[in-house]
Amino acid sequence: MPRHDRDEVARRAGYATWQEAVGATADLAQQEAGRVLGVSHPTIRSWRAELGVGVAAARPSAQQRAAAFRADPGDERHGSANGYRNLGCRCEVCTRAWTDYQRSRRTGG
């Protein structure tokens with residue numbers, strides 16, 4: 001990946017600094033911002049991350065999502081093979097769904 005003089009890229013695009021250029025293009029998709037500034041979208045991504053612009057909030061981990069699912073008996077995914085296998089729920093309805101799923105797989109259904 002080519003190294004860019006950040007301020008030179010910004011000046012060519014009509015901005016005073018690269019921080020200003022990144023901020024001004026923050027509402028654009030990475031590919032579009034890359035076209036406007038004349039750099040690749042991975043470069044835009046790294047510049048945005050460095051400035052904290054457009055960086056998504058931290059997402060809960062898979063373990064946290066599974067624990068929240070198991071703690072909510074009203075979740076519509078209860079009673080599914082997914083609830084048993086992927087989310088680790090061992091409630092009666094998820095266990096029954098998993099058993100039925102495995103039985104249908106064995107019988108070719």
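**Close-up 1. T43 sits in helix α4, which covers residues 41-51.** This view, like the others, comes from a predicted model. Is T43 buried or exposed? T43 counts as buried, because its relative accessibility is 4% and the cut-off for buried is under 20%. Look also for its partner S40: the side chains of T43 and S40 are joined by a polar contact of 3.0 Å.

**Close-up 2. Helix α4 has a buried side.** Four names to find here are T43, I44, W47 and R48, the buried residues of α4. They lie on the same side of α4, because they cover an arc of only 130 degrees around the axis. Which helices do the buried residues of α4 pack against? They pack against α1 (6-12), α2 (18-24) and α3 (30-37). After α4 comes G52, with a positive phi near 70 degrees.

**Close-up 3. Helix α7 runs through residues 92-106.** From its first C-alpha to its last, this helix of 15 residues reaches 21 Å, close to the 21 Å expected at 1.5 Å a residue. Following α7 you will meet G108, where phi is positive, near 85 degrees.

**Close-up 4. Helix α7 has a buried side and a face turned away from it.** C94, A97 and W98 are the buried residues of α7. Seen down the helix axis, they fall within an arc of 95 degrees, so they line one face of α7. Their cover includes α5 (62-71) and α6 (81-85).

Notes
Residues are numbered from 1 along each chain as its sequence is written. This is a predicted model: local features need pLDDT of at least 70, side-chain atom pairs count only at pLDDT 80 or more; totals for chains, interfaces and linings use all residues. Side-chain values use heavy atoms; hydrogens and water are left out. Helices (H or I, at least four residues) and strands (E, at least two) are DSSP runs, numbered from the N terminus. Buried means under 20% relative accessible area, exposed over 50%, partly exposed in between (1.4 Å probe, protein chains only). A polar contact is a pair of N or O atoms within 3.5 Å; within protein, one must be able to donate a hydrogen and the other to accept it, and residues adjacent in sequence count only if both atoms are side-chain atoms. The arc is that of the directions from the helix axis to the C-beta atoms. Contact means heavy atoms within 4.5 Å. The expected span of a helix is 1.5 Å times one less than its number of residues.
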